[in-house]
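Open the structure in your viewer and keep the selection tool at hand. The stops below say what to select and what is there.

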Amino acid sequence: MTYQPAGAAPPSSYAAFAHLTAPNAVLYRQVMGAFLAAKERFAVHLRPEDVHAALPLATRPDDVDAVVNALDKLVEWGNLRADPDTARVTAVEDFYRKRFIYQLTQAGEAAEEALGAYGEALGRRGALQAVALHDIITQLRALLVLSSEEHPDASKTYLTLDTLTSRFAALAENARAFMGSVQRTIDLHEVEVEDFLAYKDRLIQYLEKFIQDLITLGSRIAQLIQELDGRVDPLLRVAAAREAVDASPGEAAGVEKLAHDRWTGRWDGLAAWFISAEGRESQARLLRGRALGAIPQLLAVVRILNERRTGRSDRSADFRTLARWFAEAEDDAARHRLWRVAFGLHPSRHLTVDADTLAERDAAPVPAATPWAEAEPLRISPQLRRTGSYERRGKTRKVEDRSQGRRLLAELAARQNAEIAEARARLATHGETRLSLLGELDPAAFGLFLHLLGDALATWRPGMTRTVATSNDGAMEIRLTQLPDGGQAEIRTPGGVFRGPDHVVEIIDLDPPGDPSTTSGPAAPVIVEATALDATAAVPGPGEDRR
């Protein structure tokens, strides 16, 4: 016998979620939380007094009747089931009293599980699980051993395949969630600027380590998958047969076929994740490319934030400063003056508004909705009426001498051009050389060089060993070749040591100083788009300069 409130409609398939948008939704969620906590203690039924005592003290209703009403609504929606409480009946009259004990229904448990999964998915940031790569290699080697046996053990085969697919599914899902969180970090969504600046170094190092593990371990996994190609299908059939053991006699064949198809799909997904095919790159390679591209993007965000903090022109920061000035103004008159100064909304130049006019307006304000015909007339100078010009005769205003300002600007432009020319001359290699032989770079040359590497990594694609690129203004050309033996390159700067994989590099200045085609205008910053360095080349090591 179950209790259903009078006039209540039968619960629909999604009625268990109705309490989320109903009034008193907070109380409903707390009541359901009390039942979930009781379930963890293996308590099946709860009385209204038990639920009332389990609610948080700060939000607990004063009267138990409020809890009873909430329980009845949850019963109506199908989240709970109410049964008569006969344990406390001591007289015949007690049978006619409304006494119930409550427990979770199947729909209520399913709704709570769904809400828990929803909350977990929202809060999940994911991770790049390098340990999962090692586990996948271990399970693939175990499958190689089993595939060499004439009659592989069904339990070992099933457990190995199950562990392999579980670790792979966790790796793929966590990688997807983590790269989504990294993109939100790059866009500065759901992250505080100070928090981002505090952990950016650890995030970049984390990406670097995973990229290195994915390069080394991913190729090993792909090799093991290729060795198992043609030998894994019998193992898949053994695992499918083990799943069909508990099926009913009439459905065993169909269950085994469905299980085999499911295992085959899982194996094909694993192979496609690590092995590229014609016209399709593997997911591991795509993940590596996204992680490589995220590093220069993170560095660009750091550069933008540093520019904002050092006081460079930023429209959003200017508007926030102006808003603060408006909020700190003493009165509306001060705000009006600030508005006129900030946006240049001055009165018409041919109309005279002097101190007397402003005093009259203060004494007798004229509403803005007053029609022109009803407003006081505005006095216009007779000279304007006669000549059409309000300009008064008299001594010509003294022309301001701006030669000093122009000279300072010319000196600044010349100094900047000289620094850029010196940096370009310093970077020109006059032939092929190694990155490790570039020597020490001054801040200007190092900044130009670092900008080159950041843009190069953003366009880098796997498989390239040599590239030739020209800067946007056509002033420089760079040729990079990957070294087969690898090695580390170190470039020293006044701010620290820059380390990364060594390459053969040739940087050519196509527009050197003194060339007849050189223009006299300001030199544009050189942005070289080259793609041949790994991610570690664009990021200093721990404790080194990242400017």
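Start with helices α5 and α9, whose crossing is left-handed (the near helix is turned anticlockwise from the far one by less than a right angle; clockwise would be right-handed). This is a predicted model, where local features need pLDDT of at least 70 and side-chain atom pairs count only at pLDDT 80 or more, while totals for chains, interfaces and linings use all residues. Residues are numbered from 1 along each chain as its sequence is written, and side-chain values use heavy atoms, with hydrogens and water left out.

Select residues 130-147 for α5 and 252-274 for α9: they pack at about 125 degrees, with axes 14 Å apart. Angles under 35 degrees count as roughly parallel, over 145 as roughly antiparallel, 65 to 115 as roughly perpendicular and the rest as oblique, so this pair is oblique.

Next, show Leu133, Ile136, Leu140 and Leu143 of α5, which meet Trp267, Leu270 and Phe274 of α9 (contact means heavy atoms within 4.5 Å).

Beyond its neighbours within four places in sequence, Leu140 contacts Leu164, Ile221, Leu224, Ile225, Leu228, Trp267 and Leu270.

Not counting residues up to four places away in sequence, Gln139 touches Thr160, Thr163 and Leu164.

Finish with the largest nonpolar core, of 49 residues; Leu140, Leu143, Trp267 and Phe274 have the most contacts inside it (such a core is a set of buried Ala, Val, Leu, Ile, Met, Phe, Trp, Tyr and Cys residues joined through side-chain atoms within 4.5 Å). Helix α7 gives the largest share, 11 residues.

Methods
Axes are lines fitted to C-alpha atoms, for helices over the stretch in contact, and angles run from 0 to 180 degrees between N-to-C directions. Helices (H or I, at least four residues) and strands (E, at least two) are DSSP runs, numbered from the N terminus. Buried means under 20% relative accessible area, exposed over 50%, partly exposed in between (1.4 Å probe, protein chains only).
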